[in-house]
Amino acid sequence: MPESSPGRPLKVLAMIPTFNERENITALIKEILLLSDDFGVLVVDDDSPDGTADAVRELAQKEPERVFLMLRKENRGRGYAGIAGLIEAARRGPDFVVEMDADFSHRPLYIPRFLEAIGDADIVIGSRGVKGGGQVGRSLGRKIITRLANGYIMAVLGLYGHDLTSGFRLFRRSALQKLPLEKMVSKGPEVVQEVLCLAHQHGLKMVEYPIVFYDRSMGSSTFSLRTALRSLIMMWRFKMRYKIK
Ligand SMILES: Nc1nc2c(ncn2[C@@H]2O[C@H](COP(=O)(O)OP(=O)(O)OP(=O)(O)O)[C@@H](O)[C@H]2O)c(=O)[nH]1
Ligand SMILES: [Mg+2]
């Protein structure tokens, strides 16, 4: 359970999964809070050995109505943390939940732009693959992996989009709460696609908004080819589980 008390309803609550992000998290939270008085942050930390949670706690003491920490001690994983985080973020009752990484790859300045872009849709996907979007600083290898992964995901799941691996997304809270999030099974980064499957199954309207994605400059990566491949194999499980034709 989160360590802090329920705050006032916010317009946007940013749900940020973290593992060893001490070097990034304080500056990132401050940047999000500066955007608007009714923006808040929920950090979902898997008991990072580098003390990420301590850094969040320090800010939560100063801003108890806008900064929340969810500390998880079991079942570590980007997926499990993301599932718990989305459920908790929605429960807190903001108008919107934005999911983003802690490493500044997802620039907070896009959050107000997503709000403008959402219109009557339920989800805005921050997309590197549409006109005006892109990636800065990523190695050619990572760019190729992303491109191949997108083609594979589209082929297996039959979902259409220009950036199906983007973890920077704004959800209307009321739409998020229509989804049976607690039934999701992802341990790792494949949770990004599992949410898309659920959203598709429940007929949610999704739009893409161009983002420039900046490669991580501080902290250490959790990316591994093994995890990426394991995630891609999970697409077959999703196909059957969510009965996508
Ligand atoms: N709670 C939690 N968060 C995680 C875990 N693994 C990764 N994260 C977070 O998920 C987000 C995405 O992970 P990254 O390590 O940036 O993955 P990536 O973008 O593929 O790799 P980089 O190239 O290093 O940026 C970051 O905010 C991480 O801190 C985990 O096991 N638990
Ligand atoms: Mg990253």
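Student: How do α1 and α2 run relative to each other, parallel or antiparallel?

Tutor: This is a predicted model. The axes of α1 (residues 22-35) and α2 (residues 52-62) come within 8 Å and cross at roughly 20°. Angles under 35 degrees count as roughly parallel. Therefore α1 and α2 are roughly parallel.

Student: How many residues of the contact of α1 with α2 are nonpolar?

Tutor: From α1 come Arg22, Ile25, Thr26 and Ile29. From α2 come Thr52, Ala55, Val56 and Leu59. By class, 2 are polar and 1 is charged, and the nonpolar count is 5.

Student: Which strands stand at the edges of the sheet?

Tutor: The sheet is open, with 7 strands and mixed pairing. Its order is β3-β2-β1-β4-β7-β5-β8. An edge strand has a single partner, so one side of it lacks a neighbour in the sheet; this holds for β3 (67-71) and β8 (206-210).

Student: In β8, what is the bridge partner of Ile123?

Tutor: Strand β5 (residues 123-127) runs parallel to β8, and 5 bridges join them. For Ile123, the partner in β8 is Met206.

Student: What angle does α3 make with β1?

Tutor: α3 packs on the sheet and touches β1, β2, β3 and β4 (96-99). Its direction and that of β1 make an angle of about 160°.

Student: How many charged residues are in the shell around ligand 1?

Tutor: The shell holds 19 residues, with Pro17, Ala81, Ala102, Ser221 and Thr222 the closest. β1 (12-18), β2 (39-45) and α3 (78-91) each supply at least two. By class, 6 are nonpolar and 5 polar, and the charged residues number 8.

How values were computed
Residues are numbered from 1 along each chain as its sequence is written. Chains are lettered from A and ligands numbered from 1 in the order in which they are written. This is a predicted model: local features need pLDDT of at least 70, side-chain atom pairs count only at pLDDT 80 or more; totals for chains, interfaces and linings use all residues. A residue is near a molecule or strand if its C-beta atom, placed from the backbone, lies within 6 Å of it. Helices (H or I, at least four residues) and strands (E, at least two) are DSSP runs, numbered from the N terminus. Ala, Val, Leu, Ile, Met, Phe, Trp, Tyr, Cys and Pro count as nonpolar, Asp, Glu, Lys and Arg as charged, and the others, Gly among them, as polar. Axes are lines fitted to C-alpha atoms, for helices over the stretch in contact, and angles run from 0 to 180 degrees between N-to-C directions. Angles under 35 degrees count as roughly parallel, over 145 as roughly antiparallel, 65 to 115 as roughly perpendicular and the rest as oblique. Two residues are in contact if their C-beta atoms, placed from the backbone, lie within 7 Å. Two strands pair if DSSP finds at least two bridges between them.
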